[in-house]
Structures are given as structure tokens and as C-alpha cells.
Amino acid sequence: MDISSVLQGGYHHPLARKWQAQRQLTKSMLMYPIFITDDPDACVSISSLPGQSRWGVNKLEAFLGPLVKKGLQSVILFGVPLKCTKDGRGTPADDPSGPVILAIQKIRQLFPTVYIACDVCLCEYTDHGHCGLLNNDGTINNTPSAARIAEVAVNYAKAGAHCVAPSDMMDGRIKAIKRGLIDAGLGNKCTLMSYSAKFASALYGPFREAAGSAPSHGDRKCYQLPPSGKGLARRAIQRDTAEGADIIMVKPALPYLDIIGDAAELAKDLPIACYQVSGEFAMIHAGANAGVYDLRTMAFETVDSMLRAGATLILTYFTPEFLDWLEA
Ligand SMILES: NCC[C@H](CC(=O)O)[C@@H](CN)CCC(=O)O
Ligand SMILES: [Zn+2]
């Protein structure tokens with residue numbers, strides 16, 4: 001056999017196999033999506049998301065304490081208000097007594113080392129369930145939507161969020177948020193993580209069930225990207241980078257590894273996040289429950305593919321497990 005044909009010598013040993021990875025998962029790369037509801041003492045499991053619950057702020061110490069001890073370093077908060085009065089502009093989104101702002105203050109007080117990101121969107125707070133404000137004909141009214149998203153983001157930052165992450169997909173919201181943060185004197189104190197390449201995916205069902213955030217009519221195809229839209233994704237990544245994003249996110253992750261690669265190419269000087277969304281998480285669990293594969297092995301294999309594609313930050317509901325698995 002020709003000398004150049006022999007590769008197996010480079011990975012015959014378990015340690016040598018580790019060295020083959022350009023980037024390996026570490027605890028600091030994990031950001032844990034958590035659901036905060038407006039019943040302060042709630043702990044309600046989410047049937048569609050194995051092991052996940054909606055938490056009241058009074059339960060956050062018991063919930064997050066053990067995870068912080070295991071090395072949890074960042075969370076991203078999703079408000080799931082069940083008692084508020086929703087309206088056309090998502091008024092409850094930045095209610096100072098709402099679940100997100102109360103959770104920011106509670107986590108800052110309890111766990112000062114934990115980096116707090118906040119998802120910024122209106123769909124959990126509007127009576128129509130869309131991510132922006134609507135025209136009378138039910139279509140998105142983009143300009144006031146971006147302004148409202150920016151207002152909510154700045155209020156989360158004022159409440160102490162280390163990062164705001166707009167998942168709404170309105171055009172121009174990154175520039176609007178950055179301008180708002182700067183005008184509030186927070187431009188250098190709050191990270192702007194943009195869901196730049198966020199697709200109109202079939203994989204959000206469990207989240208929408210958990211958050212009660214499905215649109216009351218129509219769908220989100222006019223503002224989330226078409227799954228086939230590689231060029232659109234590349235343009236959105238470049239646009240958001242130019243508008244002041246500090247982190248670029250691709251979402252969902254596994255069906256969009258090529259887009260993660262595009263982001264790593266186009267925004268090579270920024271951290272690249274990807275979100276292993278609720279449907280991906282549920283799918284991996286379903287396959288393991290069906291005996292198709294071992295859960296831990298598949299969770300690592302999917303995340304390794306995201307790292308290989310260029311991701312440096314992983315939003316995943318497997319965070320608690322990875323904190324244990326990375327210790328093993
Ligand atoms: N702001 C939109 C919420 C949204 C997707 C959707 O429902 O369209 C995601 C949260 N950012 C869903 C995340 C998930 O499925 O885990
Ligand atoms: Zn939304």
C-alpha cells in the first residue's frame with residue numbers, strides 16, 4: 001500500500017481522535033434556553049420538551065443552582081406569560097413586573113457569574129401571535145415593529161440583561177436596537193446577538209406549544225427566511241453584521257449546517273451561534289426512545305457537526321446533560 005494511503009495511524013488512539021477536532025465542545029459554549037412564566041411559584045413540565053419546564057422566578061434558585069455548580073455559564077430567557085392581557089403591540093413584553101424583567105433581576109442577584117441573554121420578540125405578548133405589529137390587513141407593519149422590538153430590547157438591557165437577542169426577523173431591527181442601546185448609554189454594556197438566519201422551519205412546534213406563541217392566523221413565512229433561501233441568509237448575515245450585531249445566529253441548526261458555514265465565512269470576525277431548536281431536541285429524544293441510537297452519542301454527534309460547520313456558541317436544551325457528559 002502506498003505510504004500516503006495510510007490514515008488510520010493518525011486516529012488509532014482515543015486521544016489522537018480528540019486531536020482531530022478543530023473545535024471541541026466546552027461548557028462555556030453552551031447557552032441554555034429557559035422558559036419563565038408569570039406564576040412566581042410555578043414549575044410546570046413541558047410535555048413536548050423532555051425534561052424542560054416553565055419556571056416561576058421564585059423557583060429559579062432551586063432550578064439553576066445545581067446547574068451553576070456543574071458549570072452553567074449562560075442562559076437565554078423566554079417569557080411565557082399566562083396571566084397578562086396581550087394586545088396588538090405586545091405591551092406585556094417589557095412590563096417591569098413581567099416574568100422576563102423579574103427573572104433578569106433575580107438571576108443577576110442569585111448568580112452574578114451567569115451571563116443572561118434575553119430573547120426579544122413580540123409573539124408571546126401579542127393577541128395575534130405574530131412577531132411584529134400588524135397592518136389592518138393582517139400583514140406585518142415592519143417599521144413600527146422594529147421600533148417596538150428595539151424598545152423592548154433596551155428595557156431588558158436596562159433591567160440588567162448582558163445580551164439581547166431579537167428573534168423577530170423584522171428588517172432593520174438590529175440597527176434600531178443598536179441605536180437604542182447606544183442612546184441609553186448601554187451600547188458598550190449589552191451584547192446584540194442577532195437571529196440573522198432564522199428560517200420558517202417545521203421544527204418550532206414544541207416551543208410554540210410551550211410558549212403559547214403560535215400565530216393566530218397565517219404563518220411567519222413573510223418574515224422568517226424560506227428554508228431554500230441560501231442567498232437571503234447570506235444577505236441577512238451581512239446586513240446584520242453591518243448594522244452592529246455582535247454575534248450572528250443561525251436557527252435551526254442541524255438542517256442548516258451549510259448556513260452556519262456561510263456565517264463563519266461572512267462574519268468570520270464575530271462569534272457564530274446556532275440554536276438547536278425544540279423540534280431538533282424532541283426529534284433526537286424520539287429517535288433514542290425508538291432505539292435508533294444512544295441519546296448521548298447522537299447529542300454529541302449533532303453538536304459536533306455544528307462546531308465543524310463553524311459554530312462557537314450552541315443554544316441547546318441539552319445543556320444540563322452536556323454539563324454532566326462533559327464531566328464524565
Ligand atoms: N420568536 C419566535 C419564536 C421561535 C420560533 C417560532 O415560533 O417561530 C423560536 C424562539 N426564538 C423557537 C425556538 C425553538 O423552537 O426552540
Ligand atoms: Zn416571535
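This is a predicted model: local features need pLDDT of at least 70, side-chain atom pairs count only at pLDDT 80 or more; totals for chains, interfaces and linings use all residues.
User: Why is His128 called buried?

Analyst: The relative accessibility of His128 is 9%. A residue counts as buried when that value is under 20%, and therefore His128 is placed in the buried class.

User: Where is His128 found, and which residues does His128 touch?

Analyst: His128 is found in the loop between strand S5 (115–120) and H4. Leaving out residues up to four places away in sequence, His128 touches Gly88, Leu134, Pro215, Ser216 and His217. These count as touching because contact means heavy atoms within 4.5 Å.

User: How do you know whether Cys121 is buried or exposed?

Analyst: Cys121 has a relative accessibility of 2%. Buried means under 20% and exposed means over 50%, so Cys121 counts as buried. Cys121 is found in the loop between S5 and H4. Not counting residues up to four places away in sequence, Cys121 touches Ala93, Cys131, Ile149, Ser167 and Asp168.

User: What makes Cys123 count as buried?

Analyst: The value for Cys123 is 6% relative accessibility. The cut-off is under 20%, and Cys123 therefore counts as buried. Cys123, too, is found in the loop between S5 and H4. With its neighbours within four places in sequence left aside, Cys123 is in contact with Gly129, His130, Cys131, Ser213 and Arg220.

User: Which residues does UniProt list for "binding site"?

Analyst: An unreviewed UniProt entry lists Cys121, Cys123 and Cys131 under "binding site". Of these residues, the lining of the largest cavity includes Cys121, Cys123 and Cys131. The annotation comes from the record and may be inferred rather than shown by experiment.

User: What makes a space a cavity rather than a pocket?

Analyst: In a cavity, a 1.4 Å probe fits but cannot get out, whereas a pocket is an open set of points. A search of the whole structure finds 2 cavities of 30 Å³ or more. The largest cavity has a volume of about 160 Å³. The lining of the largest cavity comprises 19 residues, and Ser167, Lys198, Tyr204, Phe207 and Lys251 are the closest to its centre. By class, this lining of the largest cavity divides into 9 nonpolar, 4 polar and 6 charged residues.

User: How do you know which residues line the second largest cavity, and which classes they belong to?

Analyst: A lining residue has an atom within 4 Å of a point of the cavity. By that test, Tyr32, Pro33, Ile34, Phe35, Gly51, Gln52, Ser53, Trp55 and Phe63 line the second largest cavity. Strand S1 (30–37) and strand S3 (53–55) are the elements that give two or more residues to this lining, and the largest share, 4 residues, comes from S1. The lining of the second largest cavity has 6 nonpolar, 3 polar and no charged residues. The space in the second largest cavity is about 30 Å³.

User: What is known of the largest pocket and its lining?

Analyst: The largest pocket has a volume of about 510 Å³. Its lining consists of 18 residues, with Ala21, Arg23, Gln24, Leu25 and Asp304 nearest its centre. Helix H1 (14–19) and helix H10 (295–309) each supply at least two residues of this lining, and H10 provides the largest share, 7 residues. By class, the lining of the largest pocket has 7 nonpolar, 4 polar and 7 charged residues.

User: Why are the buried residues of H5 said to be on the same side?

Analyst: In helix H5 (residues 173–183), Arg173, Ile174, Ile177, Lys178, Gly180 and Leu181 are buried. They cover an arc of only 160° around the axis, and therefore they lie on the same side of H5.

Key: Residues are numbered from 1 along each chain as its sequence is written. Chains are lettered from A and ligands numbered from 1 in the order in which they are written. Side-chain values use heavy atoms; hydrogens and water are left out. Buried means under 20% relative accessible area, exposed over 50%, partly exposed in between (1.4 Å probe, protein chains only). The arc is that of the directions from the helix axis to the C-beta atoms. On a 1 Å grid over the protein atoms alone, a cavity is a set of points where a 1.4 Å probe fits but cannot get out, and a pocket is an open set with protein on both sides within 12 Å along at least five of seven lines; lining residues have an atom within 4 Å of a point. Grid points are joined across faces, edges and corners, and a volume is the space filled by probe spheres set on the points. Ala, Val, Leu, Ile, Met, Phe, Trp, Tyr, Cys and Pro count as nonpolar, Asp, Glu, Lys and Arg as charged, and the others, Gly among them, as polar.
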